[in-house]
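Subject: Structure handover

Hello,

Here is the structure I promised you. Please open it and keep it beside this email as you read.

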Amino acid sequence: MSRIALCTVAYVIEMMIALSYLNRIFKRKHKIGYILLISSVVYFCGLLQFIFVNIEILNLITFCIINLIVMLLCYKCSLKSAVVQMILMSAFMAASEMIVIYLISAIMDVPLTFYRNDINTSVQLVLISKIIYFAALQLTAFIIKRGKKNIDSKRYIALFIFPAITLVTTVVFLIISIRYEISNSFKIVISAVLASYIFACVLILIYFQYLEENEAKVKELESERSFYELNNTYLDILQQKNDELQMLFHDTKNHYLALSAFDDISQVKDYINKIYPEFENKNTVRISNNKMLDLILNKYIFLCNKKNIKFTYEAKTANLDYIDDSELSIILNNILDNAVESAVKSREKVIDFSLRNINNMDILSVINSCDTPPVNKNGRLISTKPESANHGFGTRIIKKHAKLNNGRVEWHYDNQERRFHLSILFQRKTDKN
């Protein structure tokens with residue numbers, strides 16, 4: 001492998017590592033294709049400088065300028081943030097190269113300039129330093145993103161398994177190539193394979209970022225859909241209340257006319273006692289001090305009334321006001337959608353909703369009539385049509401978002417009463433502190 005080819009591979013890897021890192025910590029100004037074009041041009045200029053004027057201090061300065069230009073042109077960041085990240089990236093790059101050279105020299109008991117005599121050994125040293133550089137930047141990104149509570153720690157940490165294996169493999173082949181006589185052709189093959197490993201590491205992480213962004217978009221669309229449905233239902237509720245109000249005005253006028261015709265006060269009292277329940281039933285339902293919770297419950301009061309489902313509710317000692325509105329909407333809408341779909345197909349058609357605070361735990365309970373037992377495999381609800389679909393995919397969404405909000409989902413089915421019981425035990429995060 002020639003020196004120019006080695007430099008080209010090194011710069012391509014550096015560019016991919018830098019972009020994968022910057023994509024994690026900054027928002028993009030442009031589409032990824034445009035960013036790749038700008039970065040390729042800037043890094044190519046750095047490659048030309050390295051090939052024709054190879055001075056270490058100049059190489060470091062050029063590396064700093066390259067990353068600064070890419071950040072300012074392609075990402076939404078201030079000059080101060082760009083400079084801080086430029087210094088950090090340059091420090092990691094220089095440190096990774098120095099660590100590899102000094103460490104291998106000490107372990108193998110060879111001079112610090114040993115790699116200059118064999119281009120393939122140089123390739124393997126470069127690859128080792130790039131893996132360390134890649135891992136250092138990604139760990140930094142992990143710390144930054146975790147501080148913003150915007151990352152799935154378990155999935156992200158698992159991605160470091162492949163780079164760790166690649167690092168160990170590369171070090172082993174480097175030691176073998178130094179200690180034993182190996183043909184140059186075999187060294188070239190090994191170097192090419194190891195280089196492909198590093199490309200794979202970076203591409204896997206980039207693909208993970210792509211999936212993470214798509215997942216965030218799906219969650220956002222899911223929340224928007226829930227709010228859209230709530231708004232439509234709320235408009236229906238407002239229209240119904242407006243119609244009821246108009247009828248109330250009309251009825252009130254007639255009641256006043258009727259009262260004015262009575263001569264005996266006892267007749268007036270009897271008439272008022274007769275019409276009072278009618279006015280009581282027309283009161284607007286205000287259940288808690290949580291507007292989102294009240295809106296959602298009013299939605300299902302309205303829907304259950306339309307579907308002839310008896311819907312009872314209680315939320316006196318808890319209102320889940322510490323849960324974000326979008327999260328609360330997803331959890332409750334999925335629970336009550338499942339309950340409505342199941343209850344409407346049952347004979348009794350009942351849903352019982354309760355929210356209580358017991359021993360510093362907020363316990364959400366929804367019990368609905370369900371004539372057909374849901375299918376259960378190892379404690380997990382399985383979606384099957386037509387009946388058990390009501391507690392399939394939706395229940396997995398409920399568990400996911402309940403867990404995100406420090407909640408634990410439990411369920412069981414009562415065969416005798418033909419009731420499906422679902423409860424979530426929420427522990428306020430402040431209660432732990």
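First, the ground rules. This is a predicted model, where local features need pLDDT of at least 70, side-chain atom pairs count only at pLDDT 80 or more, and totals for chains, interfaces and linings use all residues. Residues are numbered from 1 along each chain as its sequence is written, and side-chain values use heavy atoms, with hydrogens and water left out.

**The whole chain**

The chain has 13 helices and 9 strands. Both are DSSP runs, numbered from the N terminus: helices are H or I with at least four residues, strands are E with at least two. Of the 433 residues, 43% count as buried. Buried means under 20% relative accessible area, exposed over 50%, and partly exposed in between (1.4 Å probe, protein chains only). Take the contacts (heavy atoms within 4.5 Å) with a separation of 6 or more: 72% of them join residues 24 or more positions apart.

**Helices α2 and α3**

Two packed helices are described by the angle between their axes and the distance between the axes. Here, α2 covers residues 32-52 and α3 covers residues 56-74. Their angle is about 170°, and the axes are 10 Å apart. Therefore α2 is roughly antiparallel to α3. That term needs an angle over 145 degrees. Axes are lines fitted to C-alpha atoms, over the stretch in contact, and angles run from 0 to 180 degrees between N-to-C directions.

Which residues meet? From α2 they include Ile 35, Val 42 and Phe 50; from α3 they include Leu 58, Ile 66 and Cys 74. By class, this contact has 11 nonpolar, 6 polar and no charged residues. Nonpolar covers Ala, Val, Leu, Ile, Met, Phe, Trp, Tyr, Cys and Pro; charged covers Asp, Glu, Lys and Arg; the others, Gly among them, are polar.

**Cysteines**

How many disulfides does the structure hold? It holds 0, a disulfide being a pair of cysteine sulfur atoms within 2.5 Å. For Cys 74, the nearest cysteine sulfur is that of Cys 77, 9.6 Å away. Cys 74 is buried, because its relative accessible area is 0%. Cys 304 is buried too, at 1%.

**Two more residues**

Is Lys 403 buried or exposed? Lys 403 is exposed, because its relative accessibility is 64%. This residue sits in α12, residues 393-404. Asn 338 lies in α11, residues 325-343. Asn 338 is buried, at 7%. Its C-alpha is 9.1 Å from that of Asn 368, 30 residues apart in sequence.

Best wishes

Definitions and conventions:
Parallel < 35°, antiparallel > 145°, perpendicular 65-115°, else oblique.
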